[in-house]
Amino acid sequence: MWLPCGCTSKYVASSFARRTLASYLHVSGRSRCNVAAFMPEAAGLEGVSGRAALRELSVSNSESFWAAVARHRLCWSTPFHTVQDCDLSRGKIKWFEGGKLNVSVNCLDRHVHTCPERVALIWERDERGSEMKYTYGELLEMTCRLGNLLRRHGVKRGDCVTIYMPTCPLAVASMLACARIGAAHNVVFAGFSADALAERIRDAQSSTVITVNQGVRGGKVTELKKTVDTAMQSCPTVKQVFVAMRTDNPVTMTARDIAMEEEMLKEDVVCEPAVMNSEDVLFLLYTSGSTGKPKGLVHTQAGYLLYAALTHRYVFSYHDGDVFGCVADIGWITGHSYVVYGPLANGATTVLFESTPIYPDPGRYWDMVERLKINQFYGAPTAIRLLLKYGDQWVNKYDRSTLKTLGSVGEPINTEAWEWYHRVVGDGRCPVVDTWWQTETGGICIAPRPSDPDAEIVPGMAMRPFFGINPVLMDTEGEVLTSNNTSGALCMAQPWPGMARTIHNNHQRFIDTYFQPYPGYFFTGDGAYRSEEGYYQITGRLDDVINVSGHRIGTAEIEDVVNQCPAVAESAVVGYTHSIKGQGVYAFVVLKKGIDVQEADLSRQLNGMVSEKIAKYASPDFIQFAKRLPKTRSGKIMRRVLRKVVESDLEGLGDLSTLDDPAAVQEIIQDINISA
Ligand code: 6R9
């Protein structure tokens, strides 16, 4: 029943597929230009001439567009009968209903069928020069053994498996094994603490966890299994922990723990894929919002995979045979979409980067580009800013002639970093694609490409919406801003297949956060500027979410931890501009009356608490002890004012008339720790 490569034959047999797009579109055959050569998926879209027209059609007739690409790019066991059934005002998003498929078949079997020896993964291990390659055949075998192992241990379709692993082949196989047997995965970034891990396991109601004995990053060993053991103390529902071995050091195994590789060897290499509905859950991924509680965003099978694959192909101009190097960790959405699902769906060779940009020296990325012959490199501005400071010689030492496209993601890229990336890393010949998107959007929504290869790219601008994406800017009254050269809240006027479907166990929060602020639209939480030419530039978050080294964190999450300290009465955390990290964390802390402590000791304690309860990157760079915080008369902390104070923008403090006591601001200004 599975169609490793003959997907189309099934369609020819179905009356659904026989309706060509021309019949949907009622367009006559004007010049058939080169659209089909550029995008074979669009071959049926007759009458479209040029990429701009194709983009236009992807929005004006999005059903036809998405139906065509979904049929062409994915391998279905049963074709879908309804392209979309969405109602943004209710947060209802469904794509490709009636369709059945398996994501692991799409990422593995169909490529194994045509080219089993093609390299699927290059694991760029922490130890430089010790990379390991895995073919599509090998990755399929690993995935099947693991799928069978999970099944034998009772993991069923619809269960949720938490994966707490560094970026490595077994982590990818774990994700795909879940997909193969119809379980959802919940990857938790391996830098998260035991408390943060436990919170995510509990919320996801996972009874199975997959981890490694130890992680290795930047030459340092991290005790991941021990962290899982600690988390287990507050996760009574976890029945089993599979432990893979990244290092040779044994770890204590309890009755709950299962030696993963050893058990995998006993399993069959064939694992029957579960037949999944398009809208069954593929994974949960927790991300920060403006409250203290992270939200488990839910992505489903077909729409997510299609969107990841299509954006991977066209934003980066990926071509068959290219080596795609996205250096994100699999614990983030970028790792999901552009290390794992997008590249593998397209049959690419994808790099798994386990190390850091400066280990063992600041030439690591470019040495890797030379050694692995990377064609597309995709990384974060924070790393580019860091490397820029070390100087051009670390780049120039290595041959980067294989590079074709450079990508940036996670935060705004400042002009200096953009230009260095373009001029030095890319020798001035590779387009830099600044890609804007979010965990919620599933894949890239705004990026300079695809557009005509010669079209201009403005440094620091994400530029153009992707196919099927219809961005709008809203004013403070909730009206759509129609003119150019204007700024507003960035919303999306139309659904697209890659968008998240809900927040796990909390659909109301999903509606309240994304669809309530501007009814009928998806609200991104970001602000944006649209230039005279209609290009987009992301101006930053409009809520209390900050972005530290490309890691998204809610200031409320940090406040929650700080407030747990018995000496603390209340706190307010804000972001400030940091030259490398993009944003740093600045915490204002008010102590309870009568508390007498050394501020330096308490600062250390608070930093330790945040590292332990969330992760190291969330730990405040500055802690300022204040007598009181500026509040409105109704008692709300005025974070807007605190943000301006830490940015030394005293002119921009704005209207202080709602403050309960303006003197509180003066007190804080006097004691400020940094001048940003
Ligand atoms: C993919 C990812 C999403 C938030 C997003 C925005 C910021 C991401 C950006 C960018 C400016 C870019 N962001 N890409 N800001 N330019 N190219 O990072 O997902 O971790 O969910 O973060 O990151 O603020 O809203 P996620």
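How far is an oxygen atom of the ligand from an N or O atom in the side chain of N547? The distance is 3.4 Å.

This is a predicted model, in which local features need pLDDT of at least 70, side-chain atom pairs count only at pLDDT 80 or more, and totals for chains, interfaces and linings use all residues. Residues are numbered from 1 along each chain as its sequence is written, and side-chain values use heavy atoms, with hydrogens and water left out.

View 1. The side chain of R552 has an N or O atom 2.7 Å from a ligand oxygen. G410 uses a backbone N or O atom, 3.1 Å from a ligand nitrogen. On its own the ligand has 530 Å² of accessible area (Shrake-Rupley method, 1.4 Å probe; for residues, only the protein chains shown count as cover). The protein covers 95% of that ligand area.

**View 2. The residues around the ligand.** The shell holds 17 residues, each with a heavy atom within 4 Å of the ligand. D434, T439, D526, R541 and R552 come nearest.

**View 3. A tyrosine pair.** Rings of Phe, Tyr and Trp (its six-membered ring) pair if their centres lie within 6.5 Å; planes under 30 degrees apart are stacked, over 60 edge-to-face, and the rest tilted. The count is 41 aromatic pairs. Y338 and Y378 have ring centres 5.8 Å apart and planes at 80°, so this pair is edge-to-face. Y338 lies in helix 14 (residues 333-345) and Y378 in strand 18 (residues 376-379), so the pair ties together parts 40 residues apart in sequence. Helices (H or I, at least four residues) and strands (E, at least two) are DSSP runs, numbered from the N terminus. Y338 is buried, at 0% relative accessible area. Y378 is also buried, at 0%. Buried means under 20%, exposed over 50%, and partly exposed in between (1.4 Å probe, protein chains only).

View 4. The structure holds 0 disulfides (pairs of cysteine sulfur atoms within 2.5 Å). The sulfur of C144 is 5.2 Å from the closest cysteine sulfur, in C271, too far for a bond. C144 is buried, with a relative accessible area of 2%.

How values were computed
A polar contact is a pair of N or O atoms within 3.5 Å; within protein, one must be able to donate a hydrogen and the other to accept it, and residues adjacent in sequence count only if both atoms are side-chain atoms.
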